[in-house]
Amino acid sequence: MNVLIIYSHPNETSYNASIFQTVQKHLAPEHRVKIVDLYKENFDPVLRFDERHKRRDLLSWADQLIFIFPTWWSGMPAILKGFIDRVFVAGFAYQNGPRGPVGQLDGKAWIITTHNTPKIFLPFSQDYAKVLKSQILKPCGIKPVKMTQVTRVEYMSDRQRKEELEKIAQIAKRI
Ligand code: FAD
């Protein structure tokens, strides 16, 4: 399977970096894996209507997308939002049909995000990656979308955080 990991965290020693390493380490070796590391490549999130900087080829290539990012102000980091604005464009990711967008992509996705909000509050929160799942990926034809939310990240013990990494490793192995 062609796996594209879209990773968004600026700090190489962050917990998200540990998630990123864990996923890469545990994906089965027969997969072909490509990486978009948005901060490392200094991705320009500003939407410009030029063809040159778009990364559509990678999305067309991928059967499985994996997004890894921290939740900031209830949603995704701006650099990732900019990537989506620039790459998931009309005419490529979706077409405008009579009843709304018609997805042009296929494949599935796994969203891994971290935050501090306790799990109990998630049903009442508006985003926390739900927008990416339901209002971006699904209308573009990408489904199913699995979601892993690591909650209360900064309040957990190191041991608990490592247990979460182990759960992520087990999911990565099954892809
Ligand atoms: P880090 O801060 O890098 O690490 C967290 C802890 O994990 C540290 O103690 C670190 O030492 C430890 N760690 C790192 N690697 C490992 C490892 N391998 N094993 C065990 N422990 C490890 N949260 C919300 O819930 N809602 C919000 O709206 C929200 N908005 C935010 C806005 C901003 C601008 C910022 C900066 C934070 C916000 N947060 C919010 C909190 C944010 O979601 C968390 O800070 C983030 O998810 C933590 O992930 P990280 O990778 O940055 O962790």
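1. The lining of the largest cavity comprises 5 nonpolar, 2 polar and 3 charged residues. The model is predicted, and it holds 1 cavity of 30 Å³ or more. The volume of the largest cavity is about 40 Å³. Its lining is formed by Leu 59, Ala 62, Asp 63, Gln 64, Leu 65, Leu 105, Asp 106, Gly 107, Lys 108 and Ile 142.

2. Among the residues that line it are Tyr 7, His 9, Pro 10, Asn 11, Glu 12, Asp 37, Tyr 39 and Lys 40. Helix H1 (residues 15-26) supplies the largest share of the lining, 3 residues. The lining of the second largest pocket consists of 5 nonpolar, 3 polar and 3 charged residues.

3. The whole structure contains 4 salt bridges. One of them joins the side chains of Asp 85 and Lys 81, with an N to O distance of 3.1 Å. Both residues belong to helix H3 (residues 78-87) and stand 4 residues apart, about one turn of the helix. Asp 85 is partly exposed, at a relative accessible area of 32%, and Lys 81 is likewise partly exposed, at 39%.

4. Helix H5 (residues 158-174) carries Glu 163 and Arg 159, which are 4 residues apart and therefore separated by about one helical turn. Their side chains meet in a salt bridge with an N to O distance of 2.5 Å. Glu 163 is partly exposed, with a relative accessible area of 37%, whereas Arg 159 counts as exposed at 57% relative accessibility.

5. A further salt bridge links Lys 167 with Glu 164, their closest N and O atoms lying 3.0 Å apart. This pair also lies in helix H5, with a spacing of 3 residues, about one turn of the helix. Glu 164 counts as buried because its relative accessibility of 18% falls under the 20% cut-off.

6. Ile 120 is located in the loop between strand S6 (108-114) and helix H4 (130-137). At 62% relative accessibility, Ile 120 counts as exposed because the cut-off for that class is over 50%.

Conventions. Residues numbered from 1 in each chain as written. Predicted model: local features only at pLDDT ≥ 70, side-chain atom pairs only at ≥ 80, totals over all residues. Heavy atoms only, no water. Helix = DSSP H or I, 4+ residues; strand = E, 2+ residues; numbered from the N terminus. Buried < 20%, exposed > 50% of the residue type's maximum accessible area, 1.4 Å probe, protein only. 1 Å grid on protein atoms, 1.4 Å probe; cavity = no way out; pocket = protein on both sides within 12 Å on 5 of 7 lines; lining within 4 Å. Nonpolar A, V, L, I, M, F, W, Y, C, P; charged D, E, K, R; others polar. Points joined across faces, edges and corners; volume = space filled by probe spheres on them.
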